[in-house]
Amino acid sequence: MAALLLGGVLVGLLDRRPAPPKGSYQGVRDADDPRPSPRHAVPSGSTAVLERPEVDEAPAVVAEPEPAVVEEGETAPAKPEYERPEAAGSRLARLRARLLKSNNVFGKGLLALLSQDRIDDDVWDEIEETLLMADLGTEPTLELVDRLKARVTVEGTRDPEQVRTLLREELVAMVDPSMDRRLAATRRGDRPAVTMVVGVNGVGKTTTVGKLARVLVAEDRTVVLGAADTFRAAAAEQLATWGARVGVETVRSEKEGADPASVAFEAVEHGIAEGVDVVLVDTAGRLQNKANLMDELGKIKRVIEKQAEVDEVLLVLDATTGQNGLTQAKVFAEVVDVTGIVLTKLDGTAKGGIVIAIQRQLGVPVKLIGLGEGPDDLAPFTAEGFVDALLAD
Ligand SMILES: Nc1nc2c(ncn2[C@@H]2O[C@H](COP(=O)(O)OP(=O)(O)OP(=O)(O)O)[C@@H](O)[C@H]2O)c(=O)[nH]1
């Protein structure tokens, strides 16, 4: 199963690139200004700086720190020690207990109901209620109940293992294993893959960008982060801290309220210069009104696309917000072309059905799920892995 999870998520292998040069990069242009030459010889008054991990070199691939050889009376030289993030493939399997715990009623409840000797109308009503309570949504609930009814009638089985198999098949079909859940993580020619991460504040967006950088580093991808959420000053700091832990650089603004498109531009520019695989751009996406959001995200995208295509727009949604999350999803989908959903805080809700509801609403796959506050508690999503975790013993 680990192989399945891994294979479904990221393709290709990273070619190891030389470490970026020393020194700090200063960028100053407005996003619409012409490109300076030579590249980094720019006047003062910078809008974006590169938060370079404070080490002699910044290896994009994490190596086990070698034990330093120290003579008696000597102090060991400072050595870069980055964290080694957990491999992407094993994450969902590791986190299944958390998913099962929070979604116990959904998975186990359904199994128990379907395993009863006699499934009368009352039991079907209870099944329907269980699905609705799990935020599956009315239409998918009715569809699933119809399919289960048809199969139980035809197969007439109450054997727990057969019931489990039947329910597993039907839930996997609802989650739709045919959706392409791979992340854009491979360079296109001489350009990095560019991912914009959007969503309202508080959903776990900045945390998700940090965790996603770790997923990519675990897959031997080189990454640059762009802190284009210039609305909340602490967000850039938070992001740079995430990056520094795994040797990933963050391009950020020195000024609160700086032009987010400009920061995004410079992050991508830096990613191109450094030859990294992926540039992840965090955005603010305040939802006061749709026109503002459209202006801001539209501008960031347009400006990035002066240099490289935006390959992925990941929408982060908080699974605990239920219907509110669906409304947010709709607004964002009207503003940008969302290519994937990251559903955070699934560990804190019994409403795992939201995965199906959101995919149905947007026609876009859930690509990653957040299952805790730990740095590696973001897992690549697969239909089978998710359903197995819901129905696990
Ligand atoms: N339990 C749990 N908590 C999470 C998960 N993802 C994020 N969080 C927590 O959610 C809180 C908010 O996270 P942030 O990344 O700051 O959220 P954000 O407000 O969207 O980021 P900004 O857009 O920069 O404001 C933090 O305490 C995170 O640790 C998750 O999957 N599970």
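**View 1. The span of residues 365-378, whose end C-alpha atoms lie 16 Å apart.** This span is 0% helix and 43% strand, where helices (H or I, at least four residues) and strands (E, at least two) are DSSP runs, numbered from the N terminus. UniProt, in an unreviewed entry, lists residues 365-378 for "domain: SRP54-type proteins GTP-binding"; UniProt positions follow the numbering used here, feature names are shortened, and annotations may be inferred rather than shown by experiment. The model is predicted, with pLDDT of at least 70 needed for local features and 80 or more for side-chain atom pairs, while totals for chains, interfaces and linings use all residues. Residues are numbered from 1 along each chain as its sequence is written.

**View 2. The shell around the ligand.** The ligand is surrounded by 19 residues, and the closest are Gly 204, Lys 205, Thr 206, Thr 207 and Gly 370. A residue counts as near if its C-beta atom, placed from the backbone, lies within 6 Å of the molecule. Helix α7 (residues 205-218) gives the most to this shell, with three residues. By class the shell has three nonpolar, nine polar and seven charged residues (nonpolar: Ala, Val, Leu, Ile, Met, Phe, Trp, Tyr, Cys and Pro; charged: Asp, Glu, Lys and Arg; polar: the others, Gly among them).

**View 3. Helices α3 and α4.** Helix α3 (residues 104-114) packs with helix α4 (residues 121-133) at an angle of about 170°, their axes 10 Å apart. Axes are lines fitted to C-alpha atoms, for helices over the stretch in contact, and angles run from 0 to 180 degrees between N-to-C directions. The two helices are therefore roughly antiparallel, a term for angles over 145 degrees. From α3, Val 105, Phe 106, Gly 109, Leu 110 and Leu 113 meet Val 123, Glu 126, Ile 127 and Thr 130 of α4; contact requires C-beta atoms, placed from the backbone, within 7 Å. These residues comprise six nonpolar, two polar and one charged.

**View 4. Domain 1 and domain 2.** The domain assignment, automatic or from a database, gives domain 1 (88-175) and domain 2 (193-381). Their C-alpha centres lie 32 Å apart.

Definitions and conventions: Angles under 35 degrees count as roughly parallel, over 145 as roughly antiparallel, 65 to 115 as roughly perpendicular and the rest as oblique. Two residues are in contact if their C-beta atoms, placed from the backbone, lie within 7 Å.
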